[in-house]
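Please read the points below with the coordinates open.

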Amino acid sequence: MQNLVMYIVINKDLGMSAGKTAAQASHACTEYLINTLCGDNDWEKEKLHQWHNDCQKKIILGAHENIMQKLSERENVYVIHDLGFTEIAPNSLTAICLGIFDKADVPKEYSKLRLL
């Protein structure tokens, strides 16, 4: 069995409250789920179902704005910009879901990020 984990990165430069951080992480997770389930990539769907049924682990990482910007330019990541109704400015980059990986296959640049 694979050790599948969903990785979500939070912009730690924004100083979001715990509640706001949790909401932004949830938005990133939901964006990934919707895009994967509605997409054509059967391997991603299979990985998602396996993760959901067997693993359901999430790793929340923190990164500075400049790293977040670089991550947001990668393919197959799901980027969240806040509407700015509470706490932070409109269009702030708050969270990114990097997707689901087997822990043994996490890209090296992701493994440099630290837990939030």
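The numbered points follow, beginning with the basis of the note.

1. This is a predicted model, in which local features need pLDDT of at least 70 and side-chain atom pairs count only at pLDDT 80 or more, while totals for chains, interfaces and linings use all residues. Residues are numbered from 1 along each chain as its sequence is written, and side-chain values use heavy atoms, with hydrogens and water left out.

2. The five strands form an open sheet with mixed pairing, in the order E3-E4-E1-E2-E5. E3 and E5 are at the edges with a single partner strand each, so one side of each has no neighbour in the sheet. Strands (E, at least two residues) and helices (H or I, at least four) are DSSP runs numbered from the N terminus; two strands pair if DSSP finds at least two bridges between them.

3. E1 (residues 4-11) pairs with E2 (residues 57-63) in the parallel sense over seven bridges, and Ile8 is opposite Ile60 in E2. E1 and E4 run antiparallel, joined by seven bridges; here Leu4 faces Asp102 in E4. E2 also pairs with E5 (residues 114-115), antiparallel, over two bridges, and Leu61 has Leu115 in E5 as its bridge partner.

4. The largest nonpolar core has 18 residues, of which Met6, Ile8, Tyr32, Trp51, Cys97 and Ile100 touch the most other members. E1, H1, H2, E3 (78-81) and E4 each give two or more residues to this core. Another core, of 16 residues, lies apart from it and includes Val5, Tyr7, Leu93 and Tyr110. A nonpolar core is a set of buried Ala, Val, Leu, Ile, Met, Phe, Trp, Tyr and Cys residues joined through side-chain atoms within 4.5 Å, where buried means under 20% relative accessible area (1.4 Å probe, protein chains only).

5. Which residues does Cys97 contact, leaving aside its neighbours within four places in sequence? Cys97 is in contact (heavy atoms within 4.5 Å) with Met6, Tyr7, Ile8, Ala28, Cys29, Tyr32, Val77 and Tyr78.

6. The largest pocket holds about 300 Å³ of space. A pocket is an open set of points on a 1 Å grid over the protein atoms alone, where a 1.4 Å probe fits, with protein on both sides within 12 Å along at least five of seven lines; lining residues have an atom within 4 Å of a point. Of its 19 lining residues, Tyr32, Asn41, Glu44, Asn76 and Tyr78 lie nearest the centre. H1 (18-38), H2 (42-55) and E4 (93-102) each supply at least two lining residues, and E4 has the largest share, four residues.

How values were computed
Points joined across faces, edges and corners; volume = space filled by probe spheres on them. Buried < 20%, exposed > 50% of the residue type's maximum accessible area, 1.4 Å probe, protein only.
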